[in-house]
Amino acid sequence: MAENEQEYDAEVLVVGLGPMGATTALALAKYGVSVRAVTRQRWLADTPRAHITNLRAMEVLRSLGIEDEVKQQATPWEWMGDTLFTTSLTGPEVARMRTWGTGDQRYGDYLKSSPCTMVDIPQTVVEPILVNAAGRAGASISFNTEYLSSRQDETGVSVTLRDRITGYEYVHRYRYVVGADGAKSKVMDDAGLTVEGELARAGTVYAQFRGDLSQYVAHRPSILNWIVNEDAAVGEIGLGLLRAVHPWDHWIAGWGFDVSKGRPDLSEETARERIRAYVGDLDFEPEILSINPWYVNEAVASQYSNGRILCGGDATHRHPPSSGLGSNTCVQDAFNLAWKLAYVVNGDAGEELLTTYSAERAPVGKQIVDRANQSRRDYAPIQQALAPETSEGIHGLEKVRSDTPDGIHARAALVKAFDLKHYEFNAQGVEMNQRYVSTAVIPDDGAEPEVWERDPQLYAQSTTRPGAKIPHAWLVGENGRRVSTLDLVAGGQFTLLTGPSGRAWAHALTDLGHDWAKSIVVGDPGAEDLYLEWAQAREIDEAGAVLVRPDGTVAWRSHQAPQQAADAQAQLRDALAQVLSRPVSTHTAGHKEE
């Protein structure tokens, strides 16, 4: 039982049940922490906004035990990527782009870097999966519960909540509060945390509708279809959009508008006209479900926490959906934070560990805000390639297909423009190459800066350098079945990986006697390196050791075997003490050191 446990209504309150809040609640519950998650809404997401789910987010969901359920309800990877640029779904095409790693040139990169595949799953579908799993794991979930205010002190946070059905207001006490309440975060405001940047710098109208369009798209499956015509040439992107929410009968149509001219036209008549033009069938009858404006933000928080209040997700990084980074980053914020909260709550780590959450995730938040907004700006070369050279010149598809000098120039310009768009649609490095720097990571002594073998935005580079995610390598587990190195480090514990000649490391960790740390000898039954992939990925001697945090991040490594058994225990004890911000004692029988 944690100290002063009776003082609290729960150890952690999570405000918000979007991807960040629901993932935090799920992970905390799995780690044995009493957690309550609340939302002011009567249910979950009401629009299918975030949808692209990248490899790293899928790895988190795999670690939390819901990867299979997500895949069952998602659009599969192989249907995501024949991204179309066309005059309409029935009209002539300008170009097709192989995206999200589905093309021949990138497919192997994606397969090699992860045991998972990308999927497309709308927020309306993934949130119930996350919340149901959190409830099954033991989290307390409350709908129609509004966060009003909070006041923190040295031992906890007093939070005022309101039951939105009865109007009853009450104060509950928690050790920590997680603010996952979105882009207008009240928790952020009360904690004195701010975002900096530009809000509502551009705008898009999204019209959600139903209608069977399979005859136009099933033979060239893609989640995104970009419409190139004069009517669509509005706003920063300058293209219309047909996004498949569910293949191929549930859609979103999108078009830009000039935010300087006020609120856009949201009439059903205009939306129906746009949809028909984008489909290219004037007789098509869409069932319009909703029409809403969406504003482009370019803002990020430099600090994610203040004392006992820690925020994440859209509360801390606000950006457009370009590059598909939004919900993925939210899920990863949660995965980074949850284990740290669990270790502090359970008394296995010092509170200083929580400061590493902001130190590690704030740089990632800035990176993805910059990337998403740059991806929007990178549509300009496509617009320029299609634009007329003179006021009387030809433009659009006519220009691209022309045998004139303008046509030659347009086709060459399109090649360069679409090459640039790989930084939006095949940016595996942006998604996978995070490198954490904090006191919860211990760099190699005298380590030189990492050398990137290929473009670090486009290509994932695996490494066991501290601060990086552990490399994926296929091993052979029980009953001869394949198991990923990522599977071995799942479950909320620290994991030490070594080889048969490095058993001194494994024995030393066992002698420390903590149930939150385990060792695995790669080569023993259950973790045999029969594919020889770990030998190529580990970057250290077989007798060395890699210490992996519960979030799959390498915390520390030793390139070689210890000089003596006592050295192994001392090095592990020191490493764990630094990462956990507290002394690590020996709990093995006969060892009562403090």
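Which side chain meets Lys186 in a salt bridge? Asp190 does, at 3.0 Å, N to O. The legends below start with the whole chain and then turn to the charged pairs.

**View 1. The whole protein chain, a predicted model.** Residues are numbered from 1 along each chain as its sequence is written. In this predicted model, local features need pLDDT of at least 70, side-chain atom pairs count only at pLDDT 80 or more, and totals for chains, interfaces and linings use all residues, while side-chain values use heavy atoms, with hydrogens and water left out. The protein chain has 19 helices and 24 strands (DSSP runs, H or I of at least four residues for helices and E of at least two for strands, numbered from the N terminus). Its radius of gyration is 26 Å, close to the 25 Å of the globule rule for 594 residues, so the chain is as compact as a globular protein of that length (C-alpha atoms; the rule is 2.2 Å times the number of residues to the power 0.38). The C-alpha trace spans about 90 × 60 × 40 Å along its principal axes. Of the 594 residues, 58% count as buried (under 20% relative accessible area; exposed is over 50%, partly exposed in between; 1.4 Å probe, protein chains only).

**View 2. Lys186 and Asp190, a salt bridge within a helix.** The whole structure holds 40 salt bridges (a side-chain nitrogen of Lys or Arg within 4 Å of a carboxyl oxygen of Asp or Glu). Lys186 and Asp190 sit four residues apart in helix α6 (residues 186–191), separated by about one helical turn. Lys186 is partly exposed at 36% relative accessibility. Asp190 is partly exposed too, at 30%.

**View 3. Glu298 and Arg201, a buried salt bridge.** The two side chains meet at 3.3 Å, N to O. Glu298 lies in strand β15 (residues 287–301) and Arg201 in strand β11 (residues 195–210), so the pair ties together parts 97 residues apart in sequence. Both Glu298 and Arg201 are buried.

**View 4. Asp524 and Arg503, a loop joined to a helix.** Their salt bridge is 2.8 Å, N to O. Asp524 lies in the loop between β22 (517–521) and α18 (533–537), and Arg503 in helix α17 (residues 503–512), so the pair ties together parts 21 residues apart in sequence. Asp524 is partly exposed, with a relative accessible area of 22%. For Arg503, also partly exposed, the value is 34%.

**View 5. A network of salt bridges.** Arg40, Glu146, Arg162, Arg164 and Glu169 are linked here.
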